[in-house]
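The sequence and structure come first.

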Amino acid sequence: MITAQPRHLRRRYDVVVVGGGPAGLEAAVAAQNAGAAQVLVVDREPEAGGILLQCIHTGFGLHRFGAELTGPEYAQRLVAQAQGVDIVADACVLDVDEQRRVKLMTTASGIATVDAGAVVLAMGARERTRAAARIPGTRPAGIFTAGLAQRLVNLYGLMPGRRAAILGSGDIGLIMARRLVLEGVEVAGVFELMPHANGLNRNIVQCLHDFAIPLYLSTTVVEIHGHERLEKVTVAPVDSTLQPQLAQAWEIPCDTLLLSIGLIPENELSGQLRLRIDPATRGPVVASTMECSRDGVFACGNVVHIHDLVDFVSAEAMLAGTCAGRFATAAPAPADNVRLLPGENVRYCVPHTISTEREQTVYLRTLRPLESCELRLVEAEGNVLYTKRLRYVFPAEMVTLKLRPAILQKFHGGTLRVELVPRAFPGQGDAAEPGFPLPAPDKRPGGEP
Amino acid sequence: MTAQVTTHYLCIGCPLGCRLEVEEEEGGQAEVEVRGFSCRRGRDYALQEHRAPQRMVTTTVAIDHALWPRLPVRSQQPVPRQLVAEICRALRSVRVVAPVTLGDVLVENVLGCGVAIVAARDMAAC
């Protein structure tokens, strides 16, 4: 999928998009459809497509394209759509200022500055590393984030090692467990700090069960051993407060440790622009148009909050791109008039403000698994404005709420709280602590050496 | 009386992850009983997994004269689950030359299972 490189950068673009992954490509096309004639996408890789290019497994595109695609197939469809967009690869945005002047460095023309009618931030996310998890021990070679290992294996055909342990049961870690086994690497097990797996059941079944890879819940890596190369890790069960029980620790001989312990939105540029950042999402605070706290700067995809599915990234990016295109070429949308705040059991909700005039989608994440609960919009005085019954919510699955203007017609306040409240069952105990199903027949060597 | 054999499955239809059980007479082709599902899709999934589990194969093959040294490939249809590892092993010896177009058939009828292996993206020559 070689993408057309512009021969010369223009002095001015209607919309400049930072990042050529799924969010950036969707936003660029949407901006163009909204009237922006000149759109530039800047990507640091040799080709656009983002992390999809290394996600060679299927499971993408059921919502967006009505077909189950691999990552590269999804990316290729997005690049094909973006025919009329200038994509500059092997390039890097160094800075964006308040006047939306974008300073970038390209392989062809060195450092250049272009003016942008609107800017879309679509830088995606980075993986949490060993430093973020503060795993004690020595510092040998052989410790990789799962996504880096995925890149080495799927793009370069390089094997990270011969026997691997995987910390964290996020989807990338589960996918890589299967991938390594299929490439002839032995996988000693997947270790998850929490009492429940973080990835989709589909991946638990098709990546772990299919290949008899053990999943150890409530267990974590407590020490790393080895000098030149990783030799073994010590793992230990954790108690209900997540404290490791070192008396029950045991050792796993391995030369490779993969970390699948979460993603952090990549917001260096947002910081330089001094955008307001939500500490819960670690992404910019956004309005219902995906506009950030500076005029004409929009954001979408994993840079705003971590999504479960690329299909949701596409939807969010189309909105951001459309609004950016309109901002650059026509009258921007009227401002939001209601602030959304996360309430009981809600870790965060995006966008941070909404309008009573438009239909919009609110994304939120629960703090803990709940079975049979209600999603509520609550006014400052405690009146419940809206309720929606949900069969279940899980921290690993984003909850989406389509909000029609009619719901807000009789609301005149300025702030709404979003809550997830367990529904009480007559004749049942505390519904707030459900016996939610553990997703695997998992092994725990309960104190054996 | 023949013994009943129960097999356990984890439903992948949604995050509820129902614990499914399929009960069947030992060695029997007779009636099976499915338990533990909370929707129709769960019941169908249990039967499918019990009778003939299918999986899509995705892996990479070596490619010369391209931007990357590996080309992502997929099976055109799902294959029987027990063939996945063997197919991936067989594909390790496949080597193609750029340019390749998405959907190009690289291996027809892999391991005689009737399914083709196709390129999962374009890769230009360079």
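## Contacts of A:V15

Leaving aside neighbours within four places in sequence, A:V15 is in contact with A:A31, A:A36, A:V39, A:A116, A:G117, A:A118, A:V120, A:A324, A:G325 and A:A328. The model is predicted.

## Nonpolar cores

The largest nonpolar core holds 109 residues. A:V15 is among the residues with the most contacts inside this core, together with A:A27, A:V120 and A:F298. Helix 8 of chain A gives the most to the core, with 10 residues.

## Helix 8 of chain A

Helix 8 of chain A covers residues 310-329, which is 20 residues. At 1.5 Å a residue the helix should span 28 Å, and its end C-alpha atoms are 28 Å apart, so the two values agree.

Of the 20 residues in helix 8 of chain A, 15 are buried, so the helix is largely enclosed by the rest of the structure.

## Layout of chain B

Chain B contains 2 helices and 10 strands. Read from the N terminus, the order of its elements is β-β-β-α-β-β-β-β-α-β-β-β. The radius of gyration of chain B is 20 Å, well over the 14 Å that the globule rule gives for 126 residues, so chain B is more spread out than a compact globule. Along the principal axes, the C-alpha atoms of chain B fill a box of roughly 65 × 30 × 15 Å.

The domain assignment divides chain B into domain 1 (4-51) and domain 2 (58-119). The C-alpha centres of domain 1 of chain B and domain 2 of chain B are 32 Å apart. In chain B, 31% of the 126 residues are buried. Among contacts in chain B with a separation of 6 or more, 48% join residues 24 or more positions apart.

## Contact between chains A and B

The contact takes 29 residues from chain A and 28 residues from chain B. On the side of chain B that touches chain A, the elements giving two or more residues are strand 1 (4-10), strand 5 (58-64), strand 6 (70-75) and helix 2 (84-91) of chain B. Strand 5 of chain B supplies the largest share of that side, 4 residues.

By residue class, the side of chain B that touches chain A has 16 nonpolar, 5 polar and 7 charged residues.

How values were computed:
Residues numbered from 1 in each chain as written. Chains lettered and ligands numbered in written order. Predicted model: local features only at pLDDT ≥ 70, side-chain atom pairs only at ≥ 80, totals over all residues. Rg over C-alpha atoms; globule rule 2.2 N^0.38 Å. Buried ≥ 20, exposed ≤ 12 C-beta atoms within 10 Å, placed from the backbone. Contact = placed C-beta atoms within 7 Å. Domains from an automatic or database assignment. Expected span 1.5 Å × (residues − 1). Core = buried A, V, L, I, M, F, W, Y, C linked by C-beta atoms within 7 Å. Nonpolar A, V, L, I, M, F, W, Y, C, P; charged D, E, K, R; others polar.
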